[in-house]
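The entries follow in the order in which I looked.

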Amino acid sequence: MTKAQTAKQPAPGPARVGIGGPVGSGKTALIEALLPKFKERGTEVAVVTNDLVTEEDAQRLKLGGLIAPERVVAVETGACPHTVIREDPTLNIEAAERLEAAFPKLDLIVIESGGDNLASTFSLDLVDYWLFVIDVAGGDDIPRKRGPGIVQSDLLVINKIDLAPYVGADLAAMARDAEATRKGKAIVFTNCRTGEGLDEVIAHLAHDVLLEP
């Protein structure tokens, strides 16, 4: 069997997808926007959230009516957020395993990192695939800064594109810089309020993670 054939064999249990990015980039908003689309297509989803010393993101999802509250588990990192998604992901692995045991039909577990800088990455012991979310309000030079999150993530999501005119961000320049930095890896521009780009995110996850045609 070739490596390509091996890579297409589905792993046992639900796939695990990480979502990282700076504070305020729209990670939770992206999850909220994707949940109805997963429901429409029949994808069974659960979520693990990470916050420093609160369960704020988990509570937001639980109270939002988009997912059954019992399908959301919170992890309080108590330290730099990337520690528990990269150096020692034990807490997140345990949380994902609890969800997997409670919901045997899960297709996907989304693991949202606490907000961190451009250096955050996910351990591949924790996730099968990960997204990194930035927003245009952080500056259109972010893709040129070549942080590990931007360079190494499987999918770069450039969010809040509706704000570009108000903050003087050049979306065309961001696209060129991101393409040059990522050397062919996937990039999607999104607006979670209007839904722009969300179907493209779903398409990447369906093809690359859920191994659908």
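Before starting, I wrote down that buried means under 20% relative accessible area, exposed means over 50%, and partly exposed lies in between, with a 1.4 Å probe and protein chains only. I kept in mind that this is a predicted model, in which local features need pLDDT of at least 70, side-chain atom pairs count only at pLDDT 80 or more, and totals for chains, interfaces and linings use all residues. Residues are numbered from 1 along each chain as its sequence is written, and side-chain values use heavy atoms, with hydrogens and water left out.

Entry one. I looked up the salt bridges (a side-chain nitrogen of Lys or Arg within 4 Å of a carboxyl oxygen of Asp or Glu), and I found eight in the structure.

Entry two. I noted Arg 16 paired with Glu 100, with 3.5 Å between the closest N and O atoms. This pair links distant parts of the chain, 84 residues apart, from strand E1 (residues 15–20) to helix H4 (residues 90–102); helices (H or I, at least four residues) and strands (E, at least two) are DSSP runs numbered from the N terminus. Arg 16 is buried at 13% relative accessibility, whereas Glu 100 is partly exposed at 27%.

I then turned to Glu 32 and Arg 60, whose closest N and O atoms are 2.8 Å apart in a salt bridge. Glu 32 belongs to helix H2 (residues 27–40) and Arg 60 to helix H3 (residues 56–63), 28 residues apart. I recorded Arg 60 as partly exposed, with a relative accessible area of 40%.
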